[in-house]
Amino acid sequence: MTIFSLTPSDIYMILGFLLSLYTCVSNDVIQTLGTFLSTNQNRPFWILWIYSGVVLVLTFVLGWYFNGGDMAFHRLDRIPYTGVFNWWHVLPPVVIIFLTKKGVPVSTTFLILSVFSSNTVIGLMLAKSFFGYILAFICAFVIYFIISRPVEKIFLYTRDRKPSKRWIAAKWAATGFLWSQWLMQDAANLFVYLPRRLDLSQMIMCMTAFVLLLGIVCYRRGGEIQNILKLKTNTQDIRSATIIDCVYALILMYFQHVNNVPMSTTWVFVGLLAGREVAMYNRIRFETQKKVYKHIAKDLLKTIIGLAVSIVTVMFINHFHQIRALIHHYFNL
């Protein structure tokens, strides 16, 4: 396929893929590379870019090889390839870009995948994502209820000390582990616009685009949505950030083996932070009750707003022809 032989459908497919690639990374970077970026603010961005880029390439190249060209790790088995694309298929990532600029943690899974999914699959994605929020909340609450006093309290009162080399190494390892798990879970959002099997040249082009866009995110240190993480208790401490990454990565690993239904990692991450904040408040009372629950409610409200916008956008796209017919009928009365 050459640039001169591209059809409008091909152009919409490529544009949709590139936009979804950028929006998924820029919107969800808080979940995976957020603590990595915030705890390495003094390092040149290109070092962070190279490290995260190597993990990305290894994850997808190995997945592509062992899954017979499937870059989505079987997360798109229930969602058939559209084949023909129109301008409205490009709308979801555009909406995500707008919401990301406002700091709203919108679920890329709901907004992008729902356009291509049946009602049954959408229902399964919603159910799995809500369960993910609850499970992450409970797991984080239990873990941090246990470790807040003997571990996190020490971190809070020694956060001005320079971290040891072992903690720095642990943080980088935890980031690589989490980043790879997130990529496997959210691969469906990234590659839903592309054929379900890619050849070598297509895979290389996808990886090149992905690495270049990742560089932009690393250069910007996460962007506006990074503020959600910065407001949480002691998340700037490399030791606390390492524990957050490990807990989140293990939860995502668990959901890798539940089934191949895509899910919202955003909901899982917000649930994890909420459970952590509640547990730490009850154990060490480092923040006021009003401030803790205000942040939790604000994050949950933003997530719900993102879900509502996703539903409205998907309904508009899926019923575009009916809406256009009604408008046309109304103005021709």
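Q: Why is W49 called partly exposed?
A: In this predicted model, W49 has a relative accessibility of 25%. Buried requires under 20% and exposed requires over 50%, so W49 falls in between and counts as partly exposed.

Q: What makes the pair of F45 and W49 stacked?
A: The ring centres of F45 and W49 are 6.2 Å apart, with the planes at 10 degrees. Pairing needs centres within 6.5 Å, and stacking needs planes under 30 degrees apart, so F45 and W49 are a stacked pair. The count of aromatic pairs by this rule is 22.

Q: Where do F45 and W49 lie in the fold?
A: Both are in helix 3, which covers residues 45-66. F45 and W49 are four residues apart, about one turn of the helix. F45 has 25% relative accessibility and counts as partly exposed.

Q: Why is the pair of F60 and F73 called tilted?
A: The centres of the F60 and F73 rings are 6.1 Å apart, and their planes stand at 45 degrees.

Q: Which parts does the pair of F60 and F73 tie together?
A: F60 belongs to helix 3, and F73 to the loop between helix 3 and helix 4 (91-101). The pair therefore ties together parts that are 13 residues apart in sequence. F60 and F73 are also members of one aromatic cluster with F17, F191 and F210.

Q: Is F73 buried or exposed?
A: F73 has 13% relative accessibility. The limit for buried is under 20%, so F73 counts as buried.

Q: How many disulfides does a search of the whole structure find?
A: The search finds zero disulfides. A disulfide would need a pair of cysteine sulfur atoms within 2.5 Å. As for accessibility, C139 has a relative accessible area of 26% and is partly exposed, whereas C218 has 1% and is buried.

Q: What makes S148 count as buried?
A: Its relative accessibility is 0%, and buried means under 20%, so S148 counts as buried. S148 lies in helix 6, residues 119-157.

Q: What does the side chain of S148 reach at 2.2 Å?
A: The side chain of S148 reaches the backbone oxygen of Y144. Leaving out residues up to four places away in sequence, S148 touches K153, A279, M280, R283 and I284.

Terms used:
Residues numbered from 1 in each chain as written. Predicted model: local features only at pLDDT ≥ 70, side-chain atom pairs only at ≥ 80, totals over all residues. Heavy atoms only, no water. Phe/Tyr/Trp six-rings, centres within 6.5 Å; stacked < 30°, edge-to-face > 60°. Helix = DSSP H or I, 4+ residues; strand = E, 2+ residues; numbered from the N terminus. Buried < 20%, exposed > 50% of the residue type's maximum accessible area, 1.4 Å probe, protein only. Polar contact = N/O pair within 3.5 Å; in protein donor to acceptor, adjacent residues only side chain to side chain. Contact = heavy atoms within 4.5 Å.
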